[in-house]
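Subject: Structure for you to look at

Hello,

Here is the structure I promised to pass on. Please open it first, then read my notes below.

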Amino acid sequence: NMDIKHGFLSHIKVPLGVRHSFGLDYRSMALYRIGISLLIMVDLWLRSYWIHDHYSNLAVWPMESSIAMNRYSFSFHYINGSYGFQAFLMIVAACSAFFTLIGWRWRLFAFVNWLMMCSIQTRNPWLLDGGDNFIRMFTFWSMFLPLANRYSIDSLPPRYYPSSKSGRSSRVVTNATNGGNHHMKGGDGSSYHLSMGTFAIWMQFAIIYIFTAYLKTGTEWTVDLTATQYALKADQIVTRFGRALSDYSLLLKFLTYIVLKYEKLAPILIIVPFLNGPLRTLSVLGIWAMHFGFGACIRLGMFVYIPGVCSLIFLPSWFWETALPFIHSHMPAGMNNKAGRASAAGPVMIYTRGERQWMVTVIFCMFFMWKDYEIIDLDDIGSSSNNNNKERRVDHHDDNNDTYDDDDDVSGSPSSSSISLNIRNNNNDRPKDFSVFSPGCPRHLRDPNVSNNHIYSLMHASCLWFLLPLLRLRYIRATISFLSSMIHKLDSNYNILSQYLYPKTPRKFTTYLSLEFVALAFISYILYWNCGNLFKYPINPDVYWIAPTFKLEQTWGMFAPRPPMVGGWFVVHGVNVGGRQVNVFQEGQPITLDRPDVFSEMMPAQRWSQFLQCLPDSRLSDLRLHYGRYLCREWNFWGRHPGEEQLKSFKIIFFSRETRLDDTPVQTQTTVLWEHQCL
């Protein structure tokens, strides 16, 4: 076991500049953990709409074909193709993502996230795009990082602080000791984690953007700078805004130049040793801006958000300690929640009674409280005051050497996240039950009809203050009243929270030397694989199996080496048993061979758009066959079209046009991709 702060480099004197360049801030890793978990859950939610069409026994791509195609890969979705089992697997994956979000058993569920993501992507590879590869690889590298060191259940202070002298336990928690500590300083490198995992995830990020830039070798990228304009002429993917923007050639040439240069520069900005904080933040903001621009012009689905969320892991300590407080202090009046005056007046004082109240409050404050606060267990104060009124000091460090002693001296250093617990005489002025005293909390926000208003004070002091106007709604007030009464009734009886979720003892964040070597081996293999794509050499057959087995195969060639030079659209022309012509692709719409205004808007989902883009490939006749069978089943089965409305036959027609940047007339080419007999 090794110190989590420094990974396998703990015994090596690493220069501070190297730590800042290749290390990752704990708070940024926590933000990334929350963001990527939300992305996984949203992606599963979107996929759940198409379980029958994409993953079941009656899916557009049969399970048998998928197994034959991926002989090195395994998928849990192969076990049973029923709708119920496929939905069950998605629920398991969503639960795993949720536990990762809250940071409970983080290493276990980071592994489950990667396993379930590989499983669902293996089941139907024709639905995948670059965003799926992006999030899968970052999920893979998440297993090598201490993502739950901050803002997580695993980083909460333990339920008990044992005292060898008194036989009692005491609980007082502040923002400097809770798992959501945002006051730690990173100037000395103490807030950075440096290991082979941090180097590997930066290398993966650099491979994605630098290799995709160097794979763009066409003259449209390097000489004419017309690549973006060509991309916005592609009917299958362009949005309405992108179609309108496609005529501004000078602007698009400038954007082409900026995109190509920034893809090479963004990874370098992260590791520059000078001005590392501002340059890292600039790199992350640039990734967000670039992909939002892509998403506005091209239908990319989740790919718009995945790179930005993944780049959050590179936010430096400078962002948390300088940029964020500066932004907060310059908010318009009424938006900063009087944070400055509240801090000057003192911390938010929160009193709880009973173990479960204390645990619920600690969890809430860890995730949502950004002001200074102190949580005190009233039962503990009463017990301690009867025990000779002795001052008790308890240390809870982040260095995995947690010790608890009444006489230990505590320096209060934010980097060590130490706790100082002062158990004083019982005071008659102290509240008798759950109470919150928040400096600056306006009384008009409290509802006089609610017997206990401390929930309002707690929300006002937290980052959820913007939800306070909703409390004027009758149903919201009733919910708050119910929660308030429930908090008062919480006791220490058997419950999931106290028995399973909340840590009873300090969780040790350890990394293993063996994992460091595994990370080094995998990132070396990934670099070798991507160099093969760039320099056109074949992968050694003896090691080829590693990529598909662990789902490490990747090609970062979006619009490379050239942008799409041909645009087009589909028409599925069918004939029913009664002899009437029908539009199979858009049921109920008249058949038209004219070019649609925006073809991408005709797609039911982005996954379908990705699937249909594969159909014109002449090598994929099996894909057309199974798509044809799927269309027949969906039209004729389930009693949707009885009698003469049954689909007898259809043909898939692809209309293609060569992309021209001038006003030269273009002839439309008509290609019958597939003809199918249903009956």
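Start with T256. Leaving aside residues up to four places away in sequence, T256 touches E220, W221, L225, A227 and T228. Keep in mind that this is a predicted model.

Where does T256 sit? You will find T256 in helix α12, which spans residues 249–271. Is T256 buried or exposed? Its relative accessible area is 0%. The cut-off for buried is under 20%, so T256 counts as buried.

Now step back to the whole chain. The protein chain has 26 helices and 12 strands. Of its 679 residues, 56% count as buried. The chain exposes about 30,500 Å². Carbon and sulfur atoms supply 61% of that area. Next, take the contacts with a separation of 6 or more. Residues 24 or more positions apart account for 76% of them.

Next, the sheet. Strands of a sheet pair through backbone hydrogen bonds, either parallel or antiparallel. Here you can look at an open sheet of 4 strands, with antiparallel pairing. The strand order is β10-β9-β11-β12. Which strands are at the edges? They are β10 (581–583) and β12 (668–677), and each pairs on one side only. From one strand to the next, the twist averages 25°.

Look at one pairing in detail. Strand β9 covers residues 566–576 and pairs with β10 in the antiparallel sense, over 3 bridges. H573 stands opposite N583 in β10. A helix packs on this sheet too: α26, residues 621–636. Helix α26 touches β9, β10, β11 (647–658) and β12. The direction of α26 makes about 65° with that of β12.

Last, the aromatic rings. A pair of rings is described by the distance of the centres and the angle of the planes. How many aromatic pairs does the structure hold? There are 44. One of them joins W45 and Y49. Their centres are 5.5 Å apart, with 70° between the planes, and the pair is edge-to-face. Y49 has a relative accessible area of 53%. Exposed means over 50%, so Y49 counts as exposed.

There is also an aromatic cluster to find. Its members are Y32, F134, F138, F205, Y209, F314 and W556.

Best wishes

Methods
Residues are numbered from 1 along each chain as its sequence is written. This is a predicted model: local features need pLDDT of at least 70, side-chain atom pairs count only at pLDDT 80 or more; totals for chains, interfaces and linings use all residues. Side-chain values use heavy atoms; hydrogens and water are left out. Helices (H or I, at least four residues) and strands (E, at least two) are DSSP runs, numbered from the N terminus. Buried means under 20% relative accessible area, exposed over 50%, partly exposed in between (1.4 Å probe, protein chains only). Contact means heavy atoms within 4.5 Å. Accessible areas come from the Shrake-Rupley method with a 1.4 Å probe; for residues, only the protein chains shown count as cover. Two strands pair if DSSP finds at least two bridges between them. Axes are lines fitted to C-alpha atoms, for helices over the stretch in contact, and angles run from 0 to 180 degrees between N-to-C directions. Rings of Phe, Tyr and Trp (its six-membered ring) pair if their centres lie within 6.5 Å; planes under 30 degrees apart count as stacked, over 60 as edge-to-face and the rest as tilted.
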